[in-house]
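Subject: A structure to look at

Hi there,

I am passing this structure on to you, and my notes on it follow below. Please open it and read along.

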Amino acid sequence: RSTLFPYTTLFRSALACEIDATHKSFIAESTQQMYMEGHHAIPLHFQPQFENSLDVYANIVCLCPLCHKQIHHGLKQDRIQLMNMIYELRAERLNKSGIHIDQMDFVQMAL
C-alpha cells in the first residue's frame, strides 16, 4: 500500500466533510488545501472479525476536525446519530469491498 493512501482517500472526497460538506477547516501548509482528517468507520482493532481488510477507501471517511473529534469524544447519542449517517453513506461501498456488516453492529463497533 502506498504511503499516499490516506491522502488519496481524502482527495477522492474533494476534501469536504462527509458529515456536512459546508463545514470549513483551515488551509494546510503541506497541501495548500482545506485540512480534513481520515477516520476509519470500523476501527482497525476489529480486523480479526473480517476476512477483507478494513484499511480500504470504503471504510475511511473524510471529516472536518470538529466532526472527527465529535465521533470520538462527543455525547453518546450524537455519536450514534453520526455513525448511523455514515453507515447510510458507506454501507454499499463496504459491501462491495467485502466488508459485510449490518447497521446495528456498525454503530456498536464505532462506540
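Let me start with helix α3, which bends by about 55° at Arg90 (the bend at a residue is the angle between axes fitted to the seven residues ending there and the seven starting there). Before I go on, please note that this is a predicted model, where local features need pLDDT of at least 70 and side-chain atom pairs count only at pLDDT 80 or more, while totals for chains, interfaces and linings use all residues. Residues are numbered from 1 along each chain as its sequence is written, and side-chain values use heavy atoms, with hydrogens and water left out.

Back to α3: its 21 residues should span 30 Å at 1.5 Å a residue, and the end C-alpha atoms are 29 Å apart, which agrees. The expected span here is 1.5 Å times one less than the number of residues. Arg90 is also one of the buried residues of α3, along with Arg79, Leu82, Met83, Ile86, Tyr87 and Leu94. Buried means under 20% relative accessible area, exposed over 50%, and partly exposed in between, with a 1.4 Å probe and protein chains only. These buried residues pack against β2, α2 and α4 (103–110), where contact means heavy atoms within 4.5 Å. Just after α3, Gly98 takes a positive phi of about 80°.

Now for the overall layout. The protein chain has four helices and two strands, in the order α-β-β-α-α-α along the sequence. Helices (H or I, at least four residues) and strands (E, at least two) are DSSP runs, numbered from the N terminus. Of the 111 residues, 38% count as buried.

The two strands, β1 (residues 37–40) and β2, pair in the antiparallel sense over four bridges; pairing requires that DSSP finds at least two bridges between them. Glu37 has Leu63 as its bridge partner in β2. Strand β2 (residues 60–63) is covered on both faces, with Ile60 and Cys62 buried on one side and Val61 and Leu63 buried on the other.

Finally, helix α2 (residues 65–73) has Cys67, His68 and Ile71 as its buried residues. Seen down the axis of α2, they fall within an arc of 105°, so they line one face of the helix; the arc is that of the directions from the helix axis to the C-beta atoms. What covers them includes β1, β2 and α3 (76–96). The face turned away from that buried side carries the exposed residues Leu66 and His73.

Best wishes
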